[in-house]
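I opened my notebook to look up a few spots in this structure, one at a time. Here is what I jotted down along the way.

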Amino acid sequence: RRQMPHKIYYFDLYGRAEAARMMYSHAKVEFEDIRLTKEQFAEMKEAGKFEFGQLPLLETDDGKSLSQSVAINRYVARTNGYYPEDPVEQWANDSAVDALGDLAMNAMKIHFAPNEEAKTAAIENYMGKAMPAFLEKFDKRAEGKKFMGGDKMMFADFCTAAFFCSPGMAQAADLIAKYPAFAAMVEAYKAELADYLANRPKCAF
Ligand SMILES: N[C@@H](CCC(=O)N[C@@H](CS)C(=O)NCC(=O)O)C(=O)O
């Protein structure tokens, strides 16, 4: 009944597409990992392919075009058994993903800093404030658990893994190590996703 595999359109980056790629891979669901060049993106955008003019786009096997990365990730989670039924558990997952979004915004301020001075300030804020505050909360959430979802990786776990199992995180390794429950959870993600992580295309972020 499935006419074609799901298609994830994104740039050749981990970024906003990586959690969905990880979920399909973990669920052993076939998907096409379409990585557009800037030129291909501009052409398709011009042709009106992307609802908000942005990536990622998920084209589902039954032909729906889904925009907006967090909503895409939640859809992939729901359709593959990675989204809980219980409303409080749903909140736990959603709030973790919102907090990750806030952290990612702080990281992007480094990338988009207009000059060296602004860049230094953004790095200081990210490594000195935003990241430790985030780690403190997630360390509490990680206490006594293998994954935030319990024994099984759930929606928030994949989003956290997408962010923290990236090469750039090597720079934060000493900081993360100060939060042992969370550090152990990141190691558990790396073990659970070992095949995927070893075989995925290498990207900076
Ligand atoms: N809220 C959107 C933001 C999407 C977004 O910012 N996409 C970037 C790539 S990460 C993009 O398409 N940039 C190219 C452009 O805006 O022309 C989402 O989460 O999907």
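Predicted model: local features only at pLDDT ≥ 70, side-chain atom pairs only at ≥ 80, totals over all residues.

**Entry: Lys49**

I started with Lys49, which I found in the loop between α2 (38-46) and β3 (57-59).

Next I checked who touches Lys49. Setting aside neighbours within four places in sequence, I got Tyr9, Met44, Leu57 and Glu59. With Glu59 there is also a polar contact, side chain to side chain, at 2.5 Å. I looked at Ser65 too: it sits 16 residues from Lys49 along the chain, and their C-alpha atoms are 8.9 Å apart.

**Entry: the ligand**

Which residues surround the ligand? I wrote down Tyr10, Phe11, Arg16, Phe41, Lys45, Gln54, Leu55, Pro56, Gln68 and Ser69. Sorted by class, that shell has 5 nonpolar, 3 polar and 2 charged residues.

Then I went through some polar atoms. The side chain of Gln54 has an N or O atom 3.3 Å from an oxygen atom of the ligand. Leu55 uses its backbone instead: an N or O atom there lies 2.8 Å from a nitrogen atom of the ligand. For Ser69, a polar side-chain atom is 2.6 Å from an oxygen atom of the ligand.

How much of the ligand does the protein bury? On its own the ligand exposes 510 Å², and the protein buries 70% of that. I also asked which elements give two or more residues to the shell, and these are β1 (6-11) and α2.

**Entry: aromatic pairs**

I counted ring pairs next, and the total came to 13 aromatic pairs. I picked Tyr82 and Phe158 to look at in detail. Their ring centres are 4.6 Å apart and the planes meet at 55 degrees, so I logged the pair as tilted. Tyr82 is in the loop between α3 (69-78) and α4 (87-111), while Phe158 is in helix α6 (residues 155-164), so this pair ties together parts 76 residues apart in sequence. Both Tyr82 and Phe158 are buried.

Phe134 is buried at a relative accessible area of 6%, and Phe182 is buried at 0%.

**Entry: helix α1**

Why did I note helix α1 (residues 18-26) as largely enclosed by the rest of the structure? Because 7 of its 9 residues are buried. The buried ones are Glu18, Ala19, Ala20, Arg21, Met22, Met23 and Tyr24. Their cover includes β1, β2 (31-36), β3, α3, α6 and α9 (194-199). Just past α1 I spotted Lys28 with a positive phi of about 55 degrees.

His6 is in strand β1, and its relative accessibility of 6% makes it buried. A polar atom of the His6 side chain lies 3.1 Å from the backbone nitrogen of Asp61. Beyond its sequence neighbours within four places, His6 is in contact with several residues, including Tyr24, Val29, Leu58 and Asp61.

Asn80 is in the loop between α3 and α4. Its relative accessible area is 19%, so it is buried; the cut-off is under 20%. A polar atom of the Asn80 side chain lies 2.8 Å from the backbone oxygen of Val76. Leaving out neighbours within four places, Asn80 is in contact with Tyr24, Ala27 and Val29.

Key:
Residues numbered from 1 in each chain as written. Heavy atoms only, no water. Helix = DSSP H or I, 4+ residues; strand = E, 2+ residues; numbered from the N terminus. Contact = heavy atoms within 4.5 Å. Polar contact = N/O pair within 3.5 Å; in protein donor to acceptor, adjacent residues only side chain to side chain. Near = heavy atom within 4 Å. Areas by Shrake-Rupley, 256 points an atom, 1.4 Å probe, with all protein chains shown as cover. Nonpolar A, V, L, I, M, F, W, Y, C, P; charged D, E, K, R; others polar. Phe/Tyr/Trp six-rings, centres within 6.5 Å; stacked < 30°, edge-to-face > 60°. Buried < 20%, exposed > 50% of the residue type's maximum accessible area, 1.4 Å probe, protein only.
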